[in-house]
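Please look over the sequence and the model below, and follow how the protein surrounds its ligand.

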Amino acid sequence: MQDYQLYIDGAFVEGAARFDSLDPSTGAPWATMPEARTAEVNAAVEAAHRAFLSPEWAGMTASARGKLLHRLADLLAENAPRLAEIETRDTGKIIRETRAQIAYVAEYYRYYAGLADKIEGAHLPIDKPDMEVWLRREPVGVVAAVVPWNSQLFLSAVKIGPALAAGCTVVLKASEEGPAPMLEFARIFDLAGFPKGVLNILTGFGAECGSVLTQHPKVAHVAFTGGPQTARHIVRNTAENLASVSLELGGKSPFIVFEDADLDSAVNAQVAGIFAATGQSCVAGSRLLVQNSIRAEFLDRLRRKAEAIVLGAPGDMTTEIGPLCSARQRQHAEALIARSVAQGAQLVTGGKAPARDGFYFEPTILDCTEAPGADCLTTEFFGPVLSVQGFDTEAEAIRLANDTEFGLASGVFTRDLTRAHRMIRAIRAGIVWVNTYRAVSPMAPFGGHGLSGHGREGGLQAALDYTTVKTVWLRVSDDPIPDPFVMR
Ligand code: NAD
């Protein structure tokens, strides 16, 4: 068993208690995690607050902050194989994905390293001749970052990178499920040379840790990724400290295939869009909308691909789909499939856990064309489960695509350029991928609206969101300011 520690004020410390982390491929404990409760949360926020005001951090030039972030990116890239192994072990995410993703996470830190000294203020052409007025962009303060268990290194990079580039300090709460990669990351961060307290990493549970953190009076901004239900708690938590909040939540993203599409590409993109990461991806293309003229053929191709997917140990390079992260996720998928089938959805393939240890689940396809009220069309599975609906016309495709409370991602497959443009305009989602799916980049903003949240991660705006504007007025006249109470 491997034992991890919290990272507070530049030191590795014990929590209030310990809990086991399970290997999802066997269901057996493999590591113990420290649990942060009120005392540890308070210590972490106080450390971040001290660091925020310290001459070592507050007085550091933006270019020097950028250099530290570059050093962190180098260390991450060097340690990517080890981090990938740990993430695979703790979350069940397959090694092929964790290796590729962590190498790319380093690029996010590099992007924000480069941005650190390009966050500029402004000078205003003010309407008063004896005044100079300009805007300073200053860091907002202590950031509480709360992340879910899938892709924690990635989801934390899109918060830590821009927050540190802007000059903030951070307390990050890792998920209680699969937290080891974040505590492993703490060891790497510690080597990069940041002043102590600039980043603190906690593990613990929602009520005892996350809730205390997001209510803390010294927290200025909460950056949250997770489900909509938890997001409601977060917003309530910030009713007292009035911290600003950004929310990256779930999705039920439409993947739309027209009859004129390149079907080979569309099938491959749909397979990756829903079965990569065992479907535990906020942008999973979980609702296939396919034109009825090609529905039977497309579904048949998809079914054959789904049934050929190699399900196996996540650490094995030949594995194409690993286990779900927890037994809870598997139960959730089982219950939702049973309910949807009872509501009329047709099971095309999969639908159950295979007979083996661990939290595995078969790639599943449900045709809901005749069951428009099925729960699987509206509820996020966070598993390898695809719901399908046929459509006849472009207008129907748009209606079905927008028939959701979420608004995170979407995909359109067509060779018709004007139709592609009409779809881009009509779809209500934060991301539209055309003839591709699931592409991301540090330069491209990422986020949604509705139940998918608000705010954007990635890109320049994300760094600006960790700043506040200070308006400076400077009078340039030497004439005395007249006494306002002397009548003239
Ligand atoms: P979750 O909402 O249950 O938990 C997320 C985090 O919130 C965890 O660290 C948890 O401990 C913490 N938390 C729980 N209760 C809290 C409280 N009262 N106060 C403060 N913190 C609390 O989410 P999950 O099940 O771990 O992850 C899956 C969800 O995350 C899915 O809905 C998925 O779509 C979403 N997600 C979104 C994105 C995105 O970028 N939009 C990315 C990945 C995952």
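In sorting residues by class, Ala, Val, Leu, Ile, Met, Phe, Trp, Tyr, Cys and Pro count as nonpolar, Asp, Glu, Lys and Arg as charged, and the others, Gly among them, as polar. By that scheme the shell around the ligand holds 13 nonpolar, 12 polar and 5 charged residues. The model is predicted, with local features needing pLDDT of at least 70 and side-chain atom pairs pLDDT 80 or more, while totals for chains, interfaces and linings use all residues. Residues are numbered from 1 along each chain as its sequence is written, and side-chain values use heavy atoms, without hydrogens and water.

The ligand is surrounded by 30 residues, a residue being near if one of its heavy atoms lies within 4 Å, and the closest are Val147, Glu176, Thr230, Leu249 and Glu380. Helix 8 (228-241) is one of the elements that supply at least two residues of this shell, and with 4 residues helix 8 gives the most; helices here are DSSP runs of H or I, at least four residues long, numbered from the N terminus.

Among the polar contacts (pairs of N or O atoms within 3.5 Å), an oxygen atom of the ligand lies 2.8 Å from a polar backbone atom of Val147, and an oxygen atom of the ligand is 2.9 Å from a side-chain N or O atom of Lys173.

How values were computed:
A polar contact is a pair of N or O atoms within 3.5 Å; within protein, one must be able to donate a hydrogen and the other to accept it, and residues adjacent in sequence count only if both atoms are side-chain atoms.
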